[in-house]
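Trainee: I am new to this structure and would like to go through it slowly, one question at a time. Could we look at it together?

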Amino acid sequence: MATNYRSKKVSTRNNAYTLAKENNIQVAIIAPTETLARQHFEKWQSFFQTQKNHLQCAALFASLSKTEKLTLLDNIKKGKIHIIIGTHALFQKDVQYKDLRYIIIDEQHRFGVEQRKALYQKGNSPHTLMMSATPIPRS
């Protein structure tokens, strides 16, 4: 029986959403490239449009303007943003979370131990889900 990759991503998203909604916590989703992080963000935005809730989702990238970044950092610190998606920007010194309790690391093998640790230390003993990309053999 083949595994449905898409259903695993949907299940992961739904679990993170439920945790954030029911516990009013923050979830960080980190990807190794801005392209992949943007894809995650677009999927989350699409999902949020189908939900009636108070949760907010945002993307944090190094390419944001200074004004956009400062506003976003302030909202993350105040806990106004519940789902934060981004790249290495998520564990930079200027990023402070109000209540980071769940971290999803996509393609975890592309992050070093110290990078994963830096993100983990920004949270309040956050649960961490590490996902790996499995190479597909070519014939």
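**Reading the model**

Mentor: Among the contacts in the protein with a separation of 6 or more, residues 24 or more positions apart account for 73%, where contact means heavy atoms within 4.5 Å. This is a predicted model, in which local features need pLDDT of at least 70 and side-chain atom pairs count only at pLDDT 80 or more, while totals for chains, interfaces and linings use all residues. Residues are numbered from 1 along each chain as its sequence is written, and side-chain values use heavy atoms, with hydrogens and water left out.

Trainee: In what order do the elements of the protein run from the N terminus on?

Mentor: Helices (H or I, at least four residues) and strands (E, at least two) are DSSP runs, numbered from the N terminus. The secondary structure comes to four helices and five strands. Read from the N terminus on, the elements run α-β-α-β-α-β-β-α-β.

Trainee: Which strands are the edge strands of the sheet?

Mentor: Two strands pair if DSSP finds at least two bridges between them, and here five strands form an open sheet with parallel pairing, in the order β2-β3-β1-β4-β5. An edge strand of this sheet pairs on one side only, and that holds for β2 (57–60) and β5 (127–130).

Trainee: What angle does the direction of helix α4 make with that of β4?

Mentor: Axes are lines fitted to C-alpha atoms, for helices over the stretch in contact, and angles run from 0 to 180 degrees between N-to-C directions. Helix α3 packs on the sheet, touching β1 (26–30), β2 and β3, and its direction makes about 130° with that of β2. Helix α4 (residues 113–120) also packs on the sheet, touching β1, β4 and β5, and its direction makes with that of β4 an angle of about 155°.

Trainee: Why is the pair of Y17 and F47 edge-to-face?

Mentor: Rings of Phe, Tyr and Trp (its six-membered ring) pair if their centres lie within 6.5 Å, and planes under 30 degrees apart count as stacked, over 60 as edge-to-face and the rest as tilted. The ring centres of Y17 and F47 are 5.0 Å apart and their planes stand at 90°, so the pair is edge-to-face.

Trainee: Which residues form the aromatic cluster?

Mentor: Y17 lies in helix α1 (residues 5–23) and F47 in helix α2 (residues 34–49), so their pair ties together parts that are 30 residues apart in sequence. The rings of W44 and F47 have their centres 6.1 Å apart and their planes at 85°, so this pair is edge-to-face. One aromatic cluster is formed by Y17, W44 and F47.

Trainee: Is D99, which forms a salt bridge with R101, buried or partly exposed?

Mentor: A salt bridge is a side-chain nitrogen of Lys or Arg within 4 Å of a carboxyl oxygen of Asp or Glu, and the closest N and O atoms of D99 and R101 are 2.7 Å apart. Buried means under 20% relative accessible area, exposed over 50%, and partly exposed in between (1.4 Å probe, protein chains only). R101, at 34% relative accessibility, counts as partly exposed, whereas D99, at 19%, counts as buried.
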